[in-house]
Amino acid sequence: MNELLAKRNAVAELMRLSPVADQLAARFTKAGHSLFLVGGSVRDALLGRLSTDLDFTTDARPDRVQQILAGWADGLWDTGIAFGTVGATKQGVTLEITTFRADSYDRVSRNPEVAFGDSIDGDLLRRDFTANAMAIELSTKKFVDPHGGLEAITGKVLDTPATPEESFADDPLRMLRAARFVSQLGFTPAKRVVDAMTAMSAEISRITAERVQTELSKLMTGVSPRAGIELMVRTGLAEHVLPEVPGMRLAIDEHHQHKDVYEHSLTVLDQAIDLESTHEPNSEPDLVLRLAALLHDIGKPATRKFEPGGGVSFHHHEVVGAKMARKRLRALRYSKDVIADVSQLVFLHLRFHGYGKGEWTDSAVRRYVTDAGDLLPRLHKLVRADCTTRNKRKAASLQRTYDDLEERIARIAAEEDLARVRPDLDGNEIMKLLGLPPGPLVGKAWKHLKDVRLDRGPLDHDEAVAELRKWAADQGIEQPDGA
């Protein structure tokens with residue numbers, strides 16, 4: 001991309017939103033203030049991907065910004081006003097307008113001592129990366145680029161306006177943002193950025209888990225999360241954010257050859273992403289699937305055992321890995337649903353390998369489907385992505401075997417409605433037949449009947465009643481007269 005083409009892209013993108021941008025600029029000009037499109041919005045405009053969430057900066061103070069927007073904006077909010085930001089909506093466009101900043105940092109936390117600045121150049125100097133340190137003066141469409149941001153975008157280079165040491169000391173989260181931009185935008189970090197990240201990686205511990213999680217999720221749902229993860233591992237940042245990932249780099253010696261678990265996991269991540277678009281071309285990036293793919297083998301280092309004859313085993317690594325995934329995601333403050341789903345996928349990812357050449361009974365197939373539940377489509381993708389053998393014949397055989405399993409699942413599902421597997425008697429019938437009040441015994445009876453249903457398929461009513469009565473007798477439960 002040359003400079004002229006980049007600027008044309010930006011102007012074209014601005015014209016797409018011109019009614020809102022032009023009206024806003026006119027109001028600020030009339031009030032005697034300047035207004036700039038700034039930061040990521042300019043970067044995205046240059047890349048031809050400007051969204052309807054726009055960032056602006058101005059010399060006007062926040063209370064003055066509110067006055068300028070009053071009566072024009074469709075909605076206003078001031079949740080960021082302590083940091084100089086006023087939010088607004090207009091014709092479906094979200095606007096955040098921040099007064100020029102000249103913050104200083106205590107370099108203990110990441111909280112700035114908010115100070116307003118008086119120039120666009122001073123404001124741009126405090127921004128994270130040169131690609132985000134550009135502005136467009138809206139009344140004239142003039143580019144302001146004192147730090148070579150356009151050149152950085154053209155060359156896809158990630159660098160900082162100030163020295164990276166100063167930038168990361170002010171806000172260590174910027175190191176993780178660097179990895180995120182590598183994933184999202186395909187940029188290559190400048191050597192001085194990598195060096196500073198390597199020297200300062202431990203500073204990320206100053207950042208709250210919630211902020212780290214937000215950046216990590218954006219990285220994982222980028223175009224190339226592998227590249228972002230590799231940068232984190234190379235610089236040591238991963239040791240403080242996802243230590244289980246660099247922990248998979250197992251030593252391989254001449255007597256115990258086995259797959260490099262770290263590289264394998266990155267390959268599985270790539271292949272899972274490919275399956276996202278292959279199966280559902282218009283789908284959004286699947287954070288749960290991607291986290292599960294990255295973490296599916298994190299239990300291997302803890303379970304590695306060298307066997308007689310030179311073999312290596314990782315018995316029950318899926319059980320250990322599921323616990324480790326749950327612990328790490330909880331520490332990163334992920335939601336309960338994400339934690340449960342990722343850890344369950346890690347737990348289940350190995351089960352298919354007991355399928356052999358189709359030796360599973362229908363009962364085993366039912367259990368596979370029932371244990372996966374709503375995660376079954378993701379489990380299909382994860383298991384297929386986990387096939388990374390270089391032996392093409394073996395790889396093709398594994399894929400054919402999984403094709404066979406999916407066909408059996410579809411057949412049994414069509415016959416038995418596997419999505420709604422329930423016992424053949426409900427709780428009310430169980431209580432009535434056994435004369436039980438609501439309580440734990442009813443739950444145990446229900447679970448027993450569900451297990452029977454999974455083992456034998458649907459039972460008719462009389463068979464289900466007989467099975468319930470037999471179970472109750474085995475449990476020593478006194479049944480009503482006539483039973």
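1. R351 has a relative accessibility of 28% and therefore counts as partly exposed. The side chains of R351 and D371 meet in a salt bridge, 2.6 Å from N to O. A salt bridge here is a side-chain nitrogen of Lys or Arg within 4 Å of a carboxyl oxygen of Asp or Glu. R351 lies in the loop between helix 17 (336-348) and helix 18 (362-372), and D371 lies in helix 18, so the pair ties together parts that are 20 residues apart in sequence. Helices (H or I, at least four residues) and strands (E, at least two) are DSSP runs, numbered from the N terminus.

2. A note on the source. This is a predicted model, in which local features need pLDDT of at least 70 and side-chain atom pairs count only at pLDDT 80 or more, while totals for chains, interfaces and linings use all residues. Residues are numbered from 1 along each chain as its sequence is written, and side-chain values use heavy atoms, with hydrogens and water left out.

3. How many salt bridges does the structure hold? There are 26. Side chains of opposite charge can pair when their charged atoms come close.

4. One of the salt bridges joins E244 to R328, with the closest N and O atoms 3.0 Å apart. The two residues belong to distant parts of the chain, 84 residues apart: E244 is in the loop between helix 12 (238-241) and helix 13 (261-279), and R328 is in helix 16 (residues 317-331). E244 is buried, at 14% relative accessibility, whereas R328 is partly exposed, at 21%.

5. D286 and R378 also form a salt bridge through their side chains (2.8 Å, N to O). This pair links distant parts of the chain, 92 residues apart, with D286 in the loop between helix 13 and helix 14 (287-295) and R378 in helix 19 (residues 376-385). D286 has a relative accessible area of 14% and is buried; R378, with 25%, is partly exposed.

6. Is Y334 buried or exposed? Y334 counts as buried, because its relative accessibility is 7%. Y334 sits in the loop between helix 16 and helix 17. Leaving out residues up to four places away in sequence, Y334 touches Q213, L216, S217, L287, L291, L329 and I339, where contact means heavy atoms within 4.5 Å. Y334 and Q213 are 121 residues apart along the chain, with their C-alpha atoms separated by 7.1 Å.

Definitions and conventions:
Buried < 20%, exposed > 50% of the residue type's maximum accessible area, 1.4 Å probe, protein only.
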